[in-house]
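Here is a short report on selected local features.

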Amino acid sequence: MVNYGAEAQPLLPNKSQITPLPKAQLAVVLLVRLAEPIAYTQIFPYINAMVEELGIAEPKRVGFYSGIIDSLFAMVQLCTIGYWGGLSDRIGRKPVILIGLSGVSVATLCFGLSHTLWQMLLSRALGGALCGNVAVIYCVISDITDETNQSKAFPLMEVIWYIGAIIGPFLGGMLSHPAKRYPELFGNIPLLQNRPFFLPCLVSVLITVTAILVAAFLMTETLPPQDRVNQMEQATSNGAPSPTDGVVQDALVQPIPSVQNTLFSRLTDPAARYIVIMGFCTQVIDIGFDAVFILWSYTPLTLGGLQREPSEIGAVIGVVGLLGIASTIVIFPYFHAWFKSAPLLAAGLATYGALYAMVPLVGFVIREALPKAGQQERAPPLGKLWGFVLCILLIHRFAAMSFTAYMLVVTESMPDSRSAGALFGLAAAANCLGEGTAPALVSSLFALSIDKHLLGGNLVWVVMIGVSILGAWFARFGLERSAHA
């Protein structure tokens, strides 16, 4: 695809000249972005315990329901995120971001107060419907950077995600059941006794409200006024007269398509279709591993898991976040310079195949090394056996670079800045479809494998190894085929 935004640049740019990053505005954008991964990941340590304690499911069927709850956010977001991305091309990035953050606040608060399955589902659906920030914030990064510094700016989005993935699970693991865990502070508060998972949600909401204030007062709109289309300008582009000043009138010489037309017309481009398919595959493999790893960590030893407490799971996820920050800042730029975007994406997905094979092997070694424990008994500490889990997490850090590589593939396929919202909207919609499908699919497959003892309880790992191999092949050769389509 041709980058028409480069028309005003010299035909032979000086590659040694790298545009400095706009540090102040970038810092504000990243701070605003931090709220969403905290709100999203803070449920991970306790979601399985919440499903079991509310009497929704027995231990071996917890994966069915926790997967559905986890997936619903992304599945509903899938239906709206393309609209939010396209809308940001019309009214600007900042208003859409403020709407999204407000939606996250309300939905997170409602989730913490949930006491039934339908309340949990409704809260997750509300958050998914109102939040389209991931696509819009990528648009903002694209707006304030160029091809000389995007490989430095886009990985920072992953760094922020990992920081959120440290803070969120820490909050969820340490603040769930506060009346029991910290009786001196919270033991006499009826709300926290009756709603043991409300406090981490409340703290997450306070962080999101802070992000709203930062966005409202410190964030600068990055979409130029001449590139926006309000309702009056849209009417003019369709032939209706309206009084506009000279600048806007010049911008309307060529009509700007509506949100729907801009969004779905991109699918006529084979490279855009590759982006959609690849985004779905990447998220199914990536998010699928995150979901099944957490479920595997919580599942009793007798059913093939590690039988860890929510606080331990939160600590493990925090370690993943720390490793993610280090790998994204230090390692990713070198791997990207060596592999480039599409090959690095393929290599990361292939590594996921190896990870899916390692998990049951590590689980077998740990179960053989530990004394036997019943489902209702407290599992023995892992001790030095945590080293095997750490090996999985270290390899996972290379595999997780696939998402950053994918977003760079999207950026490299962008024809011009005016379609950034639409293209990132399509990419985010594909991500949401994968993100929504993966937890329910993989968690349900995990539960089914255990419940029916399919392939000795290992069917889920075999299936996901095959999916990872197919995803890696498509990542490596799909873009080349689409370019010649």
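## Terms and basis

Buried means under 20% relative accessible area, exposed means over 50%, and partly exposed lies in between (1.4 Å probe, protein chains only).

This is a predicted model: local features need pLDDT of at least 70, side-chain atom pairs count only at pLDDT 80 or more, and totals for chains, interfaces and linings use all residues. Residues are numbered from 1 along each chain as its sequence is written, and side-chain values use heavy atoms, with hydrogens and water left out.

Leu-109 has 32% relative accessibility, so Leu-109 counts as partly exposed. Leu-109 sits in helix α4, residues 93–112. Helices here are DSSP runs (H or I, at least four residues), numbered from the N terminus.

## Leu-191

Leu-191 belongs to helix α10, residues 190–194. Leu-191 is partly exposed because its relative accessibility is 39%. Leaving aside neighbours within four places in sequence, Leu-191 contacts Leu-113 and Phe-198 (heavy atoms within 4.5 Å). The C-alpha atoms of Leu-191 and Ala-179 are 9.4 Å apart, with the residues 12 apart along the chain.

## Ser-88

Ser-88 lies in helix α3, residues 62–91. Its relative accessibility is 0%, so Ser-88 counts as buried. The Ser-88 side chain makes a polar contact with the Arg-93 side chain at 3.0 Å. Such a contact is a pair of N or O atoms within 3.5 Å; within protein, one must be able to donate a hydrogen and the other to accept it, and residues adjacent in sequence count only if both atoms are side-chain atoms.

How values were computed:
Helix = DSSP H or I, 4+ residues; strand = E, 2+ residues; numbered from the N terminus.
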